[in-house]
Each structure stands twice: as C-alpha cells, then as structure tokens.
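Please have the sequence and the 3D view open while reading.

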Amino acid sequence: MSESLDPSVKVNLLTEAVVRRLSEALDKSSERGWRRLGEIVGHDRRFKVSSGEMETCSLKVLQLEGSPSRSLLRLMGERGCTTAHLIQYLQTLGNGAALESLQPSALQILVHPQSVALLSGHNLRLSCRAVGKSPVQYQWFKTKEEVPNGLSPDLLMSPVHLQDAGFYICRVNCGDSCEFSQWAQVDVLNVDAPCGQSCRSIEGQLKVLIQPQAQRLNAGDNLQLQCGAVGRPIPRYQWHRNGVPIPNATKRKLVVPHVMQDQQGRYRCEISGSAERMWTDEVEVVIDPRTSVQISGAMECTEDDVYAIGGGSSDLFLNSVPEQLYAADKVALLIGNLSYQNHPQLKAPMVDVYDLTNLLQQLNFQVVSLLDLTESEMRNAVDEFLLLLHKGVYGLLYYAGHGYENYGNSFMVPVDAPNPYHSANCLCVQSILKLMQEKETGLNVFLLDMCRKRNIHDYSTPNIILRVTANIVFGYATCQDAEAFELSSSGFTNGVFVKFLKKRLLDDEKITVVLDRVAEDMGQFDATRGKQALEIRSSLSERRSLSDPILPSDSADPAPSRWAKAHQLPESMCLSFDCGAQIKLGFAAEFSNVLVIYTRIIKKPEDMSFCQAQVTDFTQDLDVDPKEMNRETPEDTGIYFLSSSLPQHCLYTRVSALQKLREELVFTVCLQGTFTAMADDPVHWMKHINIGKPLISRLDLNRDMRRNSCMQTCSMPHSPCQSPGPERCLYLHQGLPQPHDYSRLSPQHHYLDVYEHVQGAAGGCGDSYYDNLSQSRYEPAYDSPGGLPSSPSRVSIPIEAPEDIAELQTVFINSLQLQQQ
C-alpha cells in the first residue's frame with residue numbers, strides 16, 4: 001500500500017480524486033469512520049485535533065455535499081500529517097475501504113491538454129496521456145462534437161485555421177472506467193501582414209503579434225481596440241487607461257459603447273503568461289464632442305430654408321439631428337425577497353439580484369441591491385429611490401419575490417407579510433410608478449420577477465390613474481394570472497427570467513427590443529414552454545437604451561450622493577494585542593445590506609504555537625448565524641459570490657440585514673492564543689470595535705414609514721377578507737430541502753423536488769427531466785402560519801464556474817447523454 005503514493009506527501013495535498021474516494025469511505029462508515037479516525041489522531045500530539053474542531057467537522061453535514069471527513073483530512077494535512085501517517089491511522093482504524101481508496105484508480109490521466117494561442121497556418125498539438133490496467137482509448141471533442149479521427153493521445157491540426165478556435169476536451173476509456181481531461185481553449189490569431197521569422201517563437205514563448213491602433217472618435221461612437229499574443233499556456237489580458245486597469249476588460253478585444261469625452265486617454269494592454277508579462281504599444285484615443293444642429297421651439301420654413309440650414313442637402317439636415325439619446329443619470333433599486341417568515345422560501349432572488357447588479361453597474365447605473373425587506377423597509381427603500389429621480393434620469397426597479405395581481409395592479413410582497421395577506425401589507429407597483437412619473441424621468445423601467453395570480457381574497461379595487469407619458473417599460477416575468485418559476489439543481493442558478501435576461505441586458509438596443517429577444521429566448525426553453533412567457537408593456541416612443549451614455553443636466557439634483565452612502569464600507573484596520581500579535585480586520589460588501597468581515601493574523605509572537613482571531617457579540621437586530629461565523633472558507637459562512645475576490649487564509653463572517661441596524665455597529669474581536677510554555681491552555685484577549693453604520697444602514701430604512709410620499713399611494717383600500725398569498729411559485733430543484741427545518745437535514749436525505757401554488761397545474765410532461773414541473777408535492781398550509789419556518793437556515797450553494805465554461809460543460813454533458821440514448 002505504501003508504494004502506491006508518495007509517503008511524504010501531506011494529506012491536504014492529495015489529488016482530488018483520492019480525497020473524494022477517501023472521504024466517501026470515511027463518511028459512510030459509522031464505527032470505523034471519521035469520528036473514530038479523529039479519536040486516533042487525537043492521541044498523537046503532533047497532529048492533535050481538539051473536540052471543538054471535531055464539532056466543526058461534524059457541522060459539515062448541515063451543508064449540501066458537505067463532508068466531515070474532508071474537513072478532518074484538511075486539518076490533519078495543515079498540521080503536517082503525511083500519507084505515511086494516514087496509512088498507519090487507517091490500519092489502526094481497520095477501514096479497508098479507506099485504505100483501498102489510497103491505491104491508484106484503474107484509470108489515471110497524467111497529462112492534460114493545455115490551452116494555447118497560436119497563429120492561423122501554424123501547427124496545433126494538444127496532448128492527453130493516461131494510464132490504466134488495460135489498454136487506454138482516447139476520443140477528442142470540440143465543445144460537444146466529436147473531432148473526426150481524434151482517437152489518439154495527440155490531437156494534431158496542420159495547419160490550424162480560424163474556425164478551429166474553441167474549447168477542446170478528451171475522453172479516456174479503460175475497460176468500464178471513463179475519465180475526462182480538463183478543458184483546453186485554443187485561440188487562433190490572424191495576422192494580415194507577413195511577420196516572417198518574428199512569428200516563429202520558441203514553443204510556449206509569449207509574443208505580442210497584434211498591436212492596438214490609435215483612434216479619433218466622436219462622443220457617442222463605439223471604441224474598439226484589439227491586441228493579440230501567442231503562447232502556451234494561453235495568454236491573459238488586462239486593458240489599462242492612463243495606467244489604471246479597466247474593470248472587466250480582460251479580453252483580446254476591448255469594446256466601449258458610446259464613449260464620452262472623459263474616456264479619452266492613453267490605452268494599452270498588459271499580456272501575461274505563466275511566468276512572463278509584457279505590454280502592447282500605448283495608443284492615444286481622442287474623443288471629440290459631437291456637433292449637432294439644435295432647433296428650439298416651433299418654426300415655419302420653406303424648402304429653401306431647409307437646404308440653407310443643411311448646407312444645400314436635406315439629407316445632411318436630417319442627419320444633423322443627434323440620434324444619440326442621453327440620460328441625466330442612471331439609478332437602480334434591486335430587491336430580492338427570499339426568506340419569508342410566513343410563506344414558502346425562495347432561492348433564486350439572491351443570485352438574480354447579484355447578477356443584475358453587476359450588469360447594471362457595467363451600464364453605469366448607481367445600484368443599491370437589498371435582500372429580505374419588511375414592508376416598512378421596502379417602502380422606505382422606495383422613498384430613497386424616488387429622491388434620486390429628477391428630469392431626464394433613467395430609473396430602474398427590479399423586484400424578485402412573492403407577488404400577485406388584482407384588477408391590473410401588481411403587488412410586491414414583503415418578507416414579513418402575514419399569512420394570508422392583502423394589499424395593505426404589500427407595495428403597489430402602479431402607485432410607485434405614478435410617483436416616478438411626477439419626477440419627469442427620462443425612462444422608467446419596472447422588471448417584476450414574481451407571480452401574477454389573482455388574489456381571490458383581496459377585493460380592493462384601486463383607482464390609480466397614470467399620466468400619459470412615453471417613457472414607461474414594464475417587463476413582467478410571466479403573463480397575467482400565471483406563475484413565475486425558479487429553476488435550479490443542487491447548485492446555484494438564476495430564475496427563468498434572469499437566466500435569459502442577463503445574456504441580453506448589455507446589448508446596445510432599445511430596451512423593448514432587448515426584452516423582446518428575452519421573450520423569444522424564454523419561448524424556446526422546454527422547461528417552462530407553455531407555462532411561463534414574458535409579457536412586455538411599453539409606451540416608449542424613443543430609442544431609449546439602458547446603455548445610453550450619461551450627460552448630466554445643469555439642473556441635476558445632488559440627491560444621488562445620498563445613494564452613494566449605501567456603498568460606503570468601513571476602513572480596514574490593524575489591531576495590536578498585548579501579547580505582541582497583530583491582526584488585520586477587513587470588510588467587503590456582498591449586497592448593499594450584507595457585510596463580510598474577515599480577520600487574518602499578520603504577526604504572531606515566536607513563542608505562540610497557535611493564534612486565531614474571531615469576531616463575536618453582534619447585536620441581535622442583525623442576521624448573523626452563530627454556526628456560520630468565523631469559518632475558514634467564505635462558502636462555509638454563506639459567502640458565495642465574493643469567494644474569489646476575498647483574501648485567503650482568513651476567518652470569514654457574513655452579517656446580513658444591515659437595514660435593521662439602529663445604532664452604530666459594535667462587536668468584539670477575540671484573539672485566542674496558545675503558548676509553547678503553557679502546554680494546551682489557551683489565553684484570550686478582547687477588543688471592542690465600533691465601525692459606525694456601514695452600507696445601507698446609513699440610510700435608516702428601519703425608521704417609521706413616511707406618510708407624505710410612498711405611503712399615500714402604496715397603501716391601498718382593502719376589505720377585511722384575507723388572501724391566500726399566490727406565489728412566485730415553482731421550484732424545479734434536485735436536492736432542495738422542503739421549507740421546514742433546514743438545520744436538521746443531512747446529505748443523505750432525499751428532498752422534495754417541487755412545490756407550487758396549492759391550485760397547481762394539471763397534466764404531465766412525459767419522461768423528460770422536467771416531469772416534476774406539473775406535480776404538486778408540497779402544498780403549504782395557508783391556514784396555519786405555524787406550518788412554515790420563521791427563519792430557515794441558508795441552503796448551501798456552490799460557487800458558479802465562469803459562465804462560458806459552465807454553460808459549455810452543461811451542453812457537452814447533455815449531448816453525451818443524448819448520444820447514449
């Protein structure tokens with residue numbers, strides 16, 4: 001056994017395949033499993049695991065796909081436990097399956113194909129090498145299509161052409177075993193001018209072959225810069241303007257739609273390989289102001305006058321009228337309600353709000369994103385949003401959560417709405433829109449991702465008269481008297497509407513054209529075809545686009561500076577303790593009302609064998625789960641979106657519901673240390689920290705509702721009858737727990753796949769993956785508010801892979817399944 005693996009390799013450095021097999025063997029065994037292994041390791045002072053750490057490992061069962069064994073192995077490896085030590089422990093444990101998992105599998109891929117960028121006309125070679133107990137067979141794929149004659153370990157293309165660019169993967173078979181290599185990207189460059197010997201660099205050497213070109217544009221034009229390099233592995237790109245990196249500009253081609261004068265400057269691109277870095281030429285981009293003929297007021301003129309104004313050409317006169325439309329400013333409020341107190345929990349609003357926030361920020365919107373708001377908090381958030389609107393502003397409000405529609409009026413349901421609820425407990429969309437119109441905004445966009453079922457217990461008939469304006473766009477995620485769906489596996493994905501909306505939102509098109517294309521995309525989606533269709537209502541007469549540039553007006557209101565308060569984070573700080581240890585206390589924002597706190601040891605006394613800093617003592621107003629505080633990975637504490645951008649080797653804590661904070665945020669930092677001379681007795685030091693009011697808490701959304709604005713029109717007349725609470729209703733989940741006691745569920749439970757509105761839908765869908773769409777397996781007891789949880793634990797959600805790879809993987813696997821059928 002000891003010959004199968006390097007005995008000196010630390011346990012935490014074993015390959016993923018070995019760790020997976022080992023963890024499965026230890027998790028499944030009760031008498032010879034991970035707990036017994038921890039007891040054995042606990043008797044060895046070199047790698048001792050404390051009872052508290054064992055309890056931390058055990059909490060992994062609360063997470064989907066969580067593994068206590070994996071957590072224990074990581075702890076052992078970090079303390080120097082090698083494979084040789086582990087084998088001894090497993091022999092003492094007597095777990096034969098775990099010992100067997102350390103042996104090499106019947107099939108191992110030793111060499112994976114490597115991404116490469118090369119010139120058209122050159123030779124391409126991708127290599128994959130595997131070993132097995134019987135002869136190994138290979139099959140190469142490009143995306144989901146088999147490569148003709150791609151049956152050897154080396155995929156050769158001589159010469160390679162532009163159409164050969166793409167993603168490649170190799171399937172390796174050995175008897176009944178099958179493994180896939182890593183994906184490899186092939187980027188093929190086409191250089192028009194002959195480059196001779198300069199193109200023929202040493203294999204793998206990074207070389208810049210396409211340089212950006214200087215440009216002179218008019219304001220409102222599209223800027224396009226391009227560069228290119230060859231090398232193995234494939235080069236990485238980062239564009240800079242005036243020496244400052246441009247956010248999200250990491251492609252070979254830089255496209256900036258509708259440039260403004262303040263975007264002119266010196267542009268160049270940083271290109272890096274595995275161990276090399278070089279720069280392209282720096283080029284000047286000049287943006288001239290756009291000239292136009294301004295016509296003020298009504299005028300009467302002859303045909304000769306027209307030619308005179310146009311310089312002798314009527315076409316020139318018509319073309320002189322500026323086509324480019326501008327926004328005085330762009331502001332957006334995004335609300336995602338998912339953790340309902342008296343109604344079924346939702347999942348997709350969190351990722352939907354996060355994705356739309358990032359996209360709207362790329363369109364230069366000032367965005368505030370909020371999760372789980374009560375009625376008063378929603379009303380006050382809308383009040384703050386209305387303060388930002390003035391003449392010519394583009395305002396966008398997106399809501400995801402439960403909702404309903406009566407008599408043509410739509411209602412958004414807060415998380416604290418009673419069961420059943422009626423219009424007085426909810427926010428009326430049309431009432432908010434009426435207030436927006438009074439601000440003379442340039443564009444009003446409402447995106448409602450909720451159900452529009454009739455609330456049969458709400459007999460109120462509001463009479464809201466909207467002004468006749470040409471700037472309103474409604475994007476309903478579903479049609480009238482229909483439901484809006486959530487789609488997800490055990491992973492973390494969008495609702496149906498945002499799944500397709502995010503692919504189109506950045507298009508430089510009239511907003512109604514964008515929504516039309518989203519509707520067409522949704523219509524091709526088999527899962528909800530015939531059950532959910534996007535409905536668009538618009539009075540937009542101009543070609544208004546979300547990508548229109550901002551041209552502030554002279555009468556611009558300074559109110560947007562207040563919106564900026566919702567993005568202010570506390571300054572990071574360095575804390576020094578009497579023992580000589582120093583820690584860094586840092587902060588990040590996941591949403592406008594969700595704060596991430598992380599601690600990291602930056603200095604430890606030499607005589608201190610163990611040192612750790614934790615945060616504690618938060619006010620009860622905030623949503624901080626004690627089980628998920630001070631965790632070693634962001635995912636363990638529910639931080640799914642920022643994990644790649646947060647510093648490593650820290651303890652992380654997620655603080656939610658900042659809108660409920662009434663006073664300044666005060667908490668305690670506890671430093672725990674163990675000195676070599678004091679054996680295992682820990683010593684504690686405390687520091688009380690005040691970080692003021694971070695993020696949205698600065699706007700005091702928890703104050704009493706204002707009666708002079710939103711409340712006047714949002715509070716609708718209603719009868720004393722009760723409502724059933726129609727839902728944003730249907731989950732298609734594999735592995736999603738029922739909305740009962742999440743904290744008691746383990747990975748071994750088989751959760752219900754679907755729940756929908758109690759009236760449900762009839763019929764079936766055949767034998768497809770979407771069979772459960774029309775089945776009602778969970779019917780909430782609307783008559784019993786106690787039948788649903790008040791504060792379910794957070795569902796564990798894995799991090800999404802980059803979109804191109806993730807979607808590529810899905811398409812590829814689905815194509816293989818179809819081939820097998």
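Which side chains meet R266 in a salt bridge? The side chain of E282 does, at 3.6 Å from N to O.

## Basis

This is a predicted model, in which local features need pLDDT of at least 70 and side-chain atom pairs count only at pLDDT 80 or more, while totals for chains, interfaces and linings use all residues. Residues are numbered from 1 along each chain as its sequence is written, and side-chain values use heavy atoms, with hydrogens and water left out.

## Salt bridges

A salt bridge is a side-chain nitrogen of Lys or Arg within 4 Å of a carboxyl oxygen of Asp or Glu. By this rule the count is 23. One of them joins E632 and R74 at 3.4 Å, N to O. E632 sits in the loop between β34 and β35, and R74 in helix α4, 558 residues apart. (Helices are DSSP runs of H or I of at least four residues, strands runs of E of at least two, numbered from the N terminus.)

D154 pairs with R125, with the closest N and O atoms 3.6 Å apart. D154 is in strand β7 and R125 in strand β3. D154 is buried at 19% relative accessibility, whereas R125 is partly exposed at 43% (buried is under 20% relative accessible area, exposed over 50%, partly exposed in between, with a 1.4 Å probe and protein chains only). A network of salt bridges links E405, R452, E535 and R537.

## Helix α2

In helix α2 (residues 34-42), the residues W34, L37, G38, I40 and V41 are buried. Seen down the axis, the buried residues of α2 fall within an arc of 160 degrees, so they line one face of the helix; the arc is that of the directions from the helix axis to the C-beta atoms.
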